[in-house]
Amino acid sequence: MPKKNLKVLFASAELHPFAKAGGLADVAGSLPVALKKLGADVRVIMPKYGLIDEKKHKLKKILSDVKISSGGSIKKVNVFEGVLPGSKVKVYFIDNKKYFGKKEIYWDGNDPKKFISDPERFLFFSLACLHVLPKLKFKPDVAHAHDYHASLIIDLIKASNEEYFKNIKTILTIHNLNYQGKANPKVLTVGNLTKNSLPSLKVDLKDGDVNFFVQGIMNADVITTVSETYAKEIMTEKFGAGLENIIKKRKKDLYGVVNGLDIDFFNPSRDKNIEYNYSVKSLKKKELNKLYLQKKVGLPQDKNIPLVGFVSRLAWQKGIELIDQKFGELNCQFVFLGTGQKEYEEQLERMAKKYPNKVATNIMFDAKFANQIYAGSDIFLMPSRFEPCGLGQMIAMRYGAVPIVRATGGLKDTVAKFDNKNKKATGFVFNKFSSDALHRELKRALQIYHNDKKTWKLVQTQGMKQDFSWNVSARKYLKLYKKIIKK
Ligand code: GLC
């Protein structure tokens, strides 16, 4: 059991249900609740973006006009407070119109008139956190920063001379190493930093840029990634995104802790987003969800034809190009859901146009629709190029959609590979990042689906029975917190 009042501050750019772009929001929104259940006092801090609905979430303003001296001027922030729904986990929102007023979470420099980069915005966020924290009457034992956006909090805590920050330990979780926060060192002035203010900056600035992730990786007491395999992968050239050597230097403080799932939200027997609730014991009703989905997306209704689902951000990481047009010749239907890079959107739309009776492409994101796809699919595709953890495959298994995944990161760690011997298989796994390899694996799955119903059902129900709850992983984080506190 944890020390009764172990206090932890989460800092994250995304938090479900307030602001979500990807899986980071799900983790930041559910891990604190799991930690709280284990007795830790966890609070979360994040920017108050324009998209966050103050009324709906019942946010209260608790601090006004906190002065932040930044880049040679004084800027002001307000702090709002809310709670994570269904829990008592407090959330603090940093409000500043210039940096967070727009609707988007990430701007990526898409601001032609008044150019403000994301690194600049998130550096300001980190700086504001340091100003605001001592005023919140909450002194964390551990500051837990997520991804590059919150990385600099770690450095700023280390560099601070204030008594308040002296004993705060730090932990950095890498959800995705490919977004690093690289910027011209000029950006540092926003945080009143110079090349000399942080000892580690000298190492970082080797290529002329400051890299927020590098700063966090060098300075955190402990670093984690969201699966054990990804922890190993990021120490290699192929997956290290240029940071492998720096990460290797921290090898003994690097841990892989696989993400959990909000199993109350993702629960086919109670999910309000799906038409027909079901469980392992009432799998017949899953069929009704398939018929419903086929009708909804305009595909022929047929309970015997296998339906293959795909729900994803349409990004390079996700291996969309492996889903070749020739897949339309297979004896199955496809339902795609997601938005992202134009070329992938067009690729999937072309496929739907060519095979209107087999392929339905939906270029949008809609959480309800997503769950209807998990519920209505027999098979779920995740052919990722790399995947730090991945949530889709776990949701799919819970909903009885058998995943076909590439053996990388969290996909490898959470799906037990089907090969005629593995009696505990929960899905299909292929190695090579190639369209042929995916095609072969999908054909193999379809073969079993059509000709060996018994085996199919076994794989399917084994997946449904897996425990993906946060409990185990939350305990691992607690252990790490306690370890660094003792250091
Ligand atoms: C990122 C990763 C994904 C992971 C998620 C939550 O979105 O790409 O694999 O599941 O973060 O950790």
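Select arginine 43 and the residues around it: leaving aside neighbours within four places in sequence, arginine 43 is in contact (heavy atoms within 4.5 Å) with Val8, Leu9, Phe10, Val89, Lys90, Tyr92 and Phe138. Arginine 43 is placed in strand β2; strands (E, at least two residues) and helices (H or I, at least four residues) are DSSP runs, numbered from the N terminus. Its relative accessibility is 14%, so arginine 43 counts as buried; buried means under 20% relative accessible area, exposed over 50%, and partly exposed in between, with a 1.4 Å probe and protein chains only.

The model is predicted, so local features need pLDDT of at least 70 and side-chain atom pairs count only at pLDDT 80 or more, whereas totals for chains, interfaces and linings use all residues. Residues are numbered from 1 along each chain as its sequence is written, and side-chain values use heavy atoms, with hydrogens and water left out.

Next, select residues 23–37, which form helix α1. Its 15 residues should span 21 Å at 1.5 Å a residue, and the end C-alpha atoms are 22 Å apart, which agrees; the expected span is 1.5 Å times one less than the number of residues. How many residues of α1 are buried? The count is 12 of 15, and the helix is mostly covered. Those buried are Leu24, Ala25, Asp26, Val27, Ala28, Gly29, Ser30, Leu31, Pro32, Val33, Ala34 and Leu35. To see what they pack against, display β1 (7–11), β2 (41–47), β6 (142–146), α4 (147–159) and α16 (471–486).

Just after α1, glycine 39 has a positive phi of about 105 degrees.

Move to aspartate 65 in strand β3 (residues 60–70). Phi of aspartate 65 is near 50 degrees, a positive value in a residue other than glycine. Aspartate 65 counts as partly exposed because its relative accessibility is 48%.

Then select lysine 137, in the loop between α3 (118–132) and β6. Lysine 137 is also a residue other than glycine with a positive phi, near 55 degrees.

**Two domains**

Colour the chain by domain: domain 1 takes 7–260 + 470–486, and domain 2 takes 280–464. The bounds come from an automatic or database domain assignment. The centres of the two domains, taken over C-alpha atoms, are separated by 33 Å. At the boundary, 17 residues of domain 1 are in contact with 16 residues of domain 2. About 1200 Å² is buried between domain 1 and domain 2, 59% of it on carbon and sulfur atoms; buried area is the accessible area (1.4 Å probe) that two parts lose on being put together, summed over both.

Select glutamine 333, in strand β13 (residues 333–337). Glutamine 333 is buried, with a relative accessible area of 2%. Not counting residues up to four places away in sequence, glutamine 333 touches Gln294, Leu299, Pro300, Ile305, Pro306, Leu307, Val308, Asn357 and Lys358.

Isoleucine 395, in helix α12 (residues 392–398), is the next selection. With a relative accessible area of 5%, isoleucine 395 is buried. The residues it touches, not counting those up to four places away in sequence, are Leu261, Phe266 and Tyr374. A distance label from isoleucine 395 to aspartate 209, 186 residues apart along the chain, gives 39 Å between C-alpha atoms.

**Helices α14 and α15**

Finally, select helix α14 (residues 435–451) and helix α15 (residues 453–464), whose axes come within 6 Å and cross at roughly 115 degrees. Axes are lines fitted to C-alpha atoms, for helices over the stretch in contact, and angles run from 0 to 180 degrees between N-to-C directions. Show Ala445, Ile448, Tyr449, His450 and Asn451 in α14, which meet Lys453, Thr455 and Trp456 in α15.

α15 has 12 residues and reaches 16 Å from its first C-alpha to its last, close to the expected 16 Å. Which residues of α15 are buried? They are Trp456, Val459, Gln460, Thr461, Gly463 and Met464. Their cover includes α9 (284–297), β15 (379–382), α12, β16 (402–406), β17 (428–430) and α14.
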